[in-house]
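Here's a quick walk through one model, with the sequence and structure open beside the text. Grab a viewer and follow along.

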Amino acid sequence: MIITQISKADIKPDYWNGGKTFQYFISPIRAQYSDKDFDFRISSATIEKEPSVFTRFDGYQRFLLMLDNDLEIQRNGIIETYQKHEILKFDSSDDVESYSLGMDFNLMIKKEIENVSLKISKGQEAFNASILCVFTLFPTFLKINDQVFTLGISDCIIVNNMKKEKVNFQNDRLAIIGMW
């Protein structure tokens with residue numbers, strides 16, 4: 001099991017047509033976002049203009065939620081509204097235009113990867129997923145098995161658990177938990 005801790009303070013932003021994007025993790029490590037050759041990508045982005053068009057990626061599903069604001073979008077011609085921290089799951093080849101400003105969390109993952117889930121949670125749980133992602137919404141102490149981690153706002157931990165061992169997880173504040 002490999003645990004990788006990523007601090008937002010260590011990430012340099014890139015730019016997209018609507019603001020900045022902060023890439024926390026991409027797999028495989030040598031993959032390039034622009035080449036669309038990755039299995040999954042974990043990022044956070046600012047939406048700094050209205051309207052802004054989300055980048056399309058054929059062959060991927062996407063999970064997105066706003067960290068600081070509600071989200072109003074038009075997806076494939078239909079207006080949709082999501083509350084702050086409400087998870088939007090969509091096909092990344094959809095036409096999506098945002099009419100909201102703020103900061104979001106994104107998980108982009110190949111469609112053929114199965115059993116993907118994303119939720120907001122705190123407390124104690126046990127997992128046996130191949131990959132576990134924890135993205136913090138507040139400063140927090142996180143315990144994974146016997147290891148304790150201190151994380152700031154918008155920090156991330158990736159647990160690579162390819163043997164699918166049982167992972168005991170304890171979090172004292174709400175965080176975004178992704179697993180597959």
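Which strand gives the largest share of the lining of the largest pocket? E4 does, with four residues.

## Ground rules

This is a predicted model, so to speak on its own terms: local features need pLDDT of at least 70, side-chain atom pairs count only at pLDDT 80 or more, and totals for chains, interfaces and linings use all residues. Residues are numbered from 1 along each chain as its sequence is written, and side-chain values use heavy atoms, with hydrogens and water left out.

## The pocket

The largest pocket holds about 190 Å³ of space. A pocket here is an open set of points on a 1 Å grid over the protein atoms alone, where a 1.4 Å probe fits, with protein on both sides within 12 Å along at least five of seven lines; lining residues have an atom within 4 Å of a point. The volume is the space filled by probe spheres set on the points, which are joined across faces, edges and corners.

Its lining comes to 15 residues, and Trp16, Thr21, Tyr33, Arg41 and Thr55 sit nearest the centre. At least two lining residues come from each of E2 (14-16), E4 (40-47) and E11 (102-110); strands are DSSP runs of at least two residues (E), numbered from the N terminus. By type, the lining splits into seven nonpolar, four polar and four charged residues. Nonpolar covers Ala, Val, Leu, Ile, Met, Phe, Trp, Tyr, Cys and Pro, charged covers Asp, Glu, Lys and Arg, and the others, Gly among them, are polar.

## Salt bridges

The whole structure has eight salt bridges, each a side-chain nitrogen of Lys or Arg within 4 Å of a carboxyl oxygen of Asp or Glu. One of them pairs Glu80 with Arg75 at 2.9 Å between the closest N and O atoms. Glu80 is buried at 16% relative accessible area, and Arg75 is buried at 17%. (Buried is under 20%, exposed over 50% and partly exposed in between, using a 1.4 Å probe and protein chains only.)

Lys111 and Asp91 also meet, 2.5 Å from N to O. That pair links distant parts of the chain, 20 residues apart: Lys111 is in the loop between E11 and E12 (117-127), Asp91 in E9 (88-91). Lys111 is partly exposed at 41%, and so is Asp91 at 24%. Elsewhere, shared partners join Arg56, Asp58 and Asp95 into one network.

## Nonpolar cores

The largest nonpolar core has 24 residues, with Ile42, Phe105 and Trp180 touching the most other members. A core is a set of buried Ala, Val, Leu, Ile, Met, Phe, Trp, Tyr and Cys residues joined through side-chain atoms within 4.5 Å. E11 gives the most to this core, four residues. Leaving aside neighbours within four places in sequence, Trp180 is in contact (heavy atoms within 4.5 Å) with residues including Phe40, Ile42, Leu107 and Cys133. Apart from this core lies another, of 15 residues, among them Leu132, Phe149, Val167 and Met179.

Two cis peptide bonds are worth a look. Ser27 to Pro28 has omega of about 0 degrees, and Pro28 is in the loop between E3 and E4. Glu50 to Pro51 is cis too, with omega near -15 degrees.

Ser154 has phi near 65 degrees and is buried at 10%. Lys164, with phi of about 55 degrees, is partly exposed at 49%.
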